Each structure stands twice: as C-alpha cells, then as structure tokens.
Amino acid sequence: MGRSTASRRASEFVGVALFAAALIWIVSLASYEPSDPVWFFSTGAHAAPANFAGRVGAFLAELSFQLFGYASYMIPAAMVIAGWNYFWCRSLDAAGTKATGAVLLVACLSAFLSLIVGTIEVSGKAFRAGGYAGEFLASHMSEYLNRTGSVIVMVTLIFLAIIISTQFSFGRFFAALIGTVRGSATRGIDTFHEWR
C-alpha cells in the first residue's frame, strides 16, 4: 500500500514538473526575441534579455528555433500530454511507438515548413521557418523528389506521424463528420418540410 502511494506521488510529481517545464518552454518560444543575448549564439551577454523566461528562456527558444523552427511548439505540447498521463497515473500504451511518432512529427513539420515557407525575416534577422533540421531534410528530399514531390511525401508522413503518436483515426473522424453532416442535413430538410 505504502509503495503504491509513493509511486503515485512520484508520478504526480513528474506530471507537475513536466507541466511546469512545458509552460516555461512555451513562454520562452512565445516571447522569443532574435536580438536577445544568448549563450553560445550571440554576443552582449551582459544585456538583459527581453524573453519572459530570462536567459534560460532566451537560450531555450534560440536553440529550439535554430534546430526545428516553428515546429518547436510541438515539443512542449508533447510534454503537456506526457505530464497529463503522469499526473493522473495513466500508463502510456506503446510509449516507444508514440515517442517515435512524436519525433517523426517534429522532423516532418520542420521539413514541411522549410519547403513551404523557407526563410522569413523576424525583427530584421533571417529566420529559418523549419530550422536547420528542417532545412537539411528538405534539401535532401528535394534532390530526389523536387519540391512538389517532397511536399506530398512530407504531408503523408505528417499524417502517419499523427496516427502513430496519438492513435488518432482519420477514418473514424471522417465517418463521424459525415454522420454529423448527414444528420444535420436530414434535420434541416425535415424542419423545412414541416415549415412548408
């Protein structure tokens, strides 16, 4: 009994810690400022960063955006899901498969953003929408499939990664959607006939 209580407490502690880390990460990404002084990335280490999470947040945001671009927002989202399961002491079915799917999703989103958006300007600085990882994957895919073929493959892989990481069924989703639309249309027609 005592052991299961300790295990539950430890699981709740990990869940809360993951929530907190995800919140700091999201705040860091949302308040990213390219001109912030960041360890290993830019000079001016004595200036105060504008990032709401301070120097740690500025570094975390810079590192995330440099590596994965805007796909970085998927990382704290995955941490929130993991934290939710830990907090409620729910075991993740096929945790390794879901982690692989989440990594694939971040990588494919990065490559997709590099293919579609490329480089944009943020606060006067060039910014890779998919980060270095996305640019690397996109350039290698484009060598063999050109841009259009690469986009098709990346969209397909994004859907597959969503299925792997969340066990979301697009078939059930579209069946439910069609059923809802059909039911609404039937009720609308019935109401119209009653009105006439």
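**Exercise 1. Determine where glutamine 66 lies, whether glutamine 66 is buried, partly exposed or exposed, and which residues glutamine 66 contacts.**

Step 1. Glutamine 66 belongs to helix H2, where helices (H or I, at least four residues) are DSSP runs numbered from the N terminus. The model is predicted: local features need pLDDT of at least 70, side-chain atom pairs count only at pLDDT 80 or more, and totals for chains, interfaces and linings use all residues. Residues are numbered from 1 along each chain as its sequence is written, and side-chain values use heavy atoms, with hydrogens and water left out.

Step 2. The relative accessibility of glutamine 66 is 22%, so glutamine 66 counts as partly exposed. The classes are buried under 20% relative accessible area, exposed over 50%, and partly exposed in between (1.4 Å probe, protein chains only).

Step 3. With neighbours within four places in sequence left aside, glutamine 66 is in contact with Phe41, Gly131 and Tyr132; contact means heavy atoms within 4.5 Å. Glycine 131 is 65 residues away along the chain, yet the two C-alpha atoms are separated by 4.8 Å.

Step 4. The side chain of glutamine 66 also makes a polar contact with the side chain of glutamate 62, at 2.7 Å. A polar contact is a pair of N or O atoms within 3.5 Å; within protein, one must be able to donate a hydrogen and the other to accept it, and residues adjacent in sequence count only if both atoms are side-chain atoms.

**Exercise 2. Classify the packing of H2 with H5 and of H4 with H5 by angle.**

Step 1. H2 and H5 pack at an angle of about 5°, with their axes 2 Å apart. Axes are lines fitted to C-alpha atoms, for helices over the stretch in contact, and angles run from 0 to 180 degrees between N-to-C directions.

Step 2. H2 and H5 are therefore roughly parallel to each other. Angles under 35 degrees count as roughly parallel, over 145 as roughly antiparallel, 65 to 115 as roughly perpendicular and the rest as oblique.

Step 3. The contact of H2 with H5 involves Phe65, Gln66, Leu67 and Phe68 of H2, and Gly131, Tyr132, Ala133 and Gly134 of H5. By class, these residues comprise 5 nonpolar, 3 polar and no charged. Here Ala, Val, Leu, Ile, Met, Phe, Trp, Tyr, Cys and Pro count as nonpolar, Asp, Glu, Lys and Arg as charged, and the others, Gly among them, as polar.

Step 4. Helix H4 (residues 95-116) and helix H5 (residues 131-166) pack at about 140°, with axes 6 Å apart. H4 and H5 are therefore oblique to each other. Their contact has 20 nonpolar, 9 polar and 3 charged residues.

**Exercise 3. Locate asparagine 146 and state the value near which its phi lies.**

Step 1. Asparagine 146 is found in helix H5 and, at 56% relative accessibility, counts as exposed.

Step 2. Phi of asparagine 146 is near 60°, a positive value in a residue other than glycine.
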